[in-house]
Amino acid sequence: MSVTVIVLAAGVGKRMKSALPKVMHPLLGVTMLDLVLRAAEPLEASDTLVVVGHRGDEVETHLREIGSTAHAVWQAEQRGTGNAVRTAVEQMPGELSDVLVVINGDTPLIRPETLQELVRTHVSTAAAATVLTAELDDPTGYGRIVRGPGGEVEGVVEHRDTTPEQRAVREVNAGVYVFSGDLIIPALNKMTTTNDQGEELLTEVLGLLAAAGHRVATVTLSDHFEALGCNDRIELAALRAHLRDRVNAAWMRAGVSIVDPNTTWIDVTVTLTADAVVEPNTHLRGDTEIGARAVVGPDTTLIDVRVGEGAEVVRTHAVGAVVGAGAHVGPFAYLRPGTVLHHDSKVGTFVEVKNSEVGAGTKIPHLSYVGDATIGEQSNIGAANVVVNYDGVAKHRTVIGSHVRTGSDTMLVAPVTVGDGAYTAAGSVITKDVPPGALGVGRAPQRNVEGWVARRRPGTAAAAAAEAAQVTSGEDDSEGAATASDTSAE
Ligand code: UD1
Ligand code: CA
């Protein structure tokens, strides 16, 4: 049996009040159109056509960007859903397929299983058309399914064309249909424009087929969310939240712990591994992958980030980064594109890393900026280090070896190299390479101006404290006090 899929995506989507075509609004990382096309994939259609019109060139570009094999069909003027299907059918090369599956492009929560069931029902009941329906508590705005005395479908009436009696019907048209290829053309040719919108409505085709004595079958959804169209941003938010619940439930079933599913937003493009833990208020976006036993969150956003097994990423914002197995990131870390943290490394609190490689076991625990640097293994970057990578014109690279210990407040002025096993003294501005095993010192020697407070700040609390301290001095033997913590903070 040959299948053609037609997705209707030419409408303006007026109520979205957007410069973006409606079907290109995203839910969890992919557009409505992409979601519909993904749902249709298992039908293995010989052809997938997307009817475009309003800002159709943008939709066409989008199809290419998402690597879809669907091709765009132009509907020059948006004269209704029936007109859209007729336009697509007229532009189809060769013979019509056995069945045509028509899906409104603004029905993003439709599931692949539902489309497959719709086709199965169509075939097994030998119907001319099969329509997906749902019972809605509030059917306002939807086409109502009108049934005859025996329960058979007589047609679909648009909300604005309903009689009061029809308006009370809660069974609605979801905007997803299967048509038999040999019967659709004559029915499309009989469409009128005698409705409140003055357009050619695909819904009229169902009534025409029924009136001609053909069977119109239905599949009624148990999850009515699948039927919901998206016409404004309020509906978009509701659909997105429902999709979030669906995605979270699927990952929990697959063995991922999601501590607070209501505040966890995982794009449909993300992959997680069993025994990963996602803490509350976490957003996993784009091409992100989370390994087994990794813990991400709370309060974390990861965009295109790979997190290895057993890594921990806490209160972090990261984009385009790789976090190796067993690495620790955060709290309050910012990883920017090109960051690669090797296994068991650490990027700690108030640390920003950009386009840098951090070797296995290396730690950058506190208050630092590392940009355009390569750091070897088992090194320790002291508190408040800055890799000074930008001279105002160009960016330069810094290379730090393995087993290096930089002192707190070291400024590494790129391009510069610190050799394996080298140290830098706290407060140093390192402008020259430090050879392996050397201590780089780049700071002014300290000088104490004795009695300065008593002379220049007399009468202050400081002066009084100093005087009191001088009276008791001599009792205090301060041997070795200034040496031990010269290079690092813990
Ligand atoms: C449509 C159905 C309604 C159903 C509802 C389900 C018709 C006449 N009505 O109403 O019975 O309950 O969907 O959500 O079909 N489009 C085109 N070309 C056009 C007009 C529309 O491609 O000329 C596309 C739109 O971009 C949209 C889809 O068709 O993706 C549906 O159109 P829309 O105007 O949203 O139809 P509804 O009024 O929601
Ligand atoms: Ca709609």
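I began with asparagine 281, which at 35% relative accessibility counts as partly exposed, because buried means under 20% relative accessible area, exposed over 50% and partly exposed in between (1.4 Å probe, protein chains only). Asparagine 281 has a positive phi of about 55° although it is not a glycine, and its place is in the loop between β15 (277–278) and β16 (282–285). Helices (H or I, at least four residues) and strands (E, at least two) are DSSP runs, numbered from the N terminus.

The model is predicted, so local features need pLDDT of at least 70 and side-chain atom pairs count only at pLDDT 80 or more, whereas totals for chains, interfaces and linings use all residues. Residues are numbered from 1 along each chain as its sequence is written, chains are lettered from A and ligands numbered from 1 in the order in which they are written, and side-chain values use heavy atoms, with hydrogens and water left out.

Alanine 126 is in the loop between α4 and β7 (129–135), and it is exposed, with a relative accessible area of 62%. Most residues other than glycine have a negative phi, and most peptide bonds are trans.

I found a cis peptide bond between glycine 297 and proline 298, with omega about 0°, and proline 298 is in the loop between β18 (295–296) and β19 (300–303). Another cis bond joins glycine 330 and proline 331, with omega about -5°, and proline 331 is in the loop between β24 and β25.

Which protein atoms are donors of the calcium ion (ligand 2)? They are Asp106 (OD) and Asn231 (OD1), lying 2.3 to 2.6 Å from the ion. Aspartate 106 lies in the loop between β6 (99–104) and α4 (112–124) and asparagine 231 in the loop between β11 (216–220) and α8 (233–253), so the pair ties together parts that are 125 residues apart in sequence. Both aspartate 106 and asparagine 231 are buried. Donors are N, O and S atoms within 2.8 Å of the metal (3.2 Å for Na, K and Ca), and because water is not among the atoms, sites may look incomplete.
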